Amino acid sequence: MPQAMSGAICGWRPDMDNEDWGEVAFTRLRRIGEPDPPAKRSWLAKLFGG
């Protein structure tokens, strides 16, 4: 039942073949005009001053 409902609501079912979608790109949801968060420095960059 949940698979049929997801297929009817959004057109995707968990048992469908999704290899033709390509690579999934994840994005962060934020408000319009909100600046990008500052890049985090790795602990190696902090240690070696990079």
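**Close-up views of a predicted model**

The count of salt bridges comes to one in this protein. The model is predicted, and the legends below describe selected parts of it.

**Figure 1. The whole chain.** The protein has 50 residues, and 4% of them count as buried. Its accessible surface comes to about 5,300 Å². Carbon and sulfur atoms account for 60% of that surface. The protein contains two helices and zero strands. Helix 1 covers residues 2-10, and helix 2 covers residues 43-48.

**Figure 2. The salt bridge between R30 and D36.** The side chains of these two residues meet with a distance of 2.5 Å from N to O. This distance falls within the 4 Å cut-off for a salt bridge. R30 has a relative accessible area of 36%, so R30 is partly exposed. D36 has a relative accessible area of 54% and is therefore exposed.

Figure 3. The relative accessibility of L44 is 43%, so L44 counts as partly exposed.

**Figure 4. P14 in the loop between the helices.** P14 belongs to the loop that lies between helix 1 and helix 2. With a relative accessibility of 44%, P14 counts as partly exposed. Which residues does P14 touch, if those up to four places away in sequence are not counted? They are Q3 and S6. P14 and P2 are 12 residues apart along the chain, and their C-alpha atoms are separated by 9.3 Å.

Figure 5. G7 is a residue of helix 1. Is G7 buried or partly exposed? G7 counts as partly exposed, because its relative accessibility is 23% and buried means under 20%. Leaving aside the neighbours of G7 within four places in sequence, the residues in contact with G7 are W12 and R13. For such a contact, heavy atoms must lie within 4.5 Å.

Note on methods:
Residues are numbered from 1 along each chain as its sequence is written. This is a predicted model: local features need pLDDT of at least 70, side-chain atom pairs count only at pLDDT 80 or more; totals for chains, interfaces and linings use all residues. Side-chain values use heavy atoms; hydrogens and water are left out. Helices (H or I, at least four residues) and strands (E, at least two) are DSSP runs, numbered from the N terminus. Buried means under 20% relative accessible area, exposed over 50%, partly exposed in between (1.4 Å probe, protein chains only). Accessible areas come from the Shrake-Rupley method with a 1.4 Å probe; for residues, only the protein chains shown count as cover.
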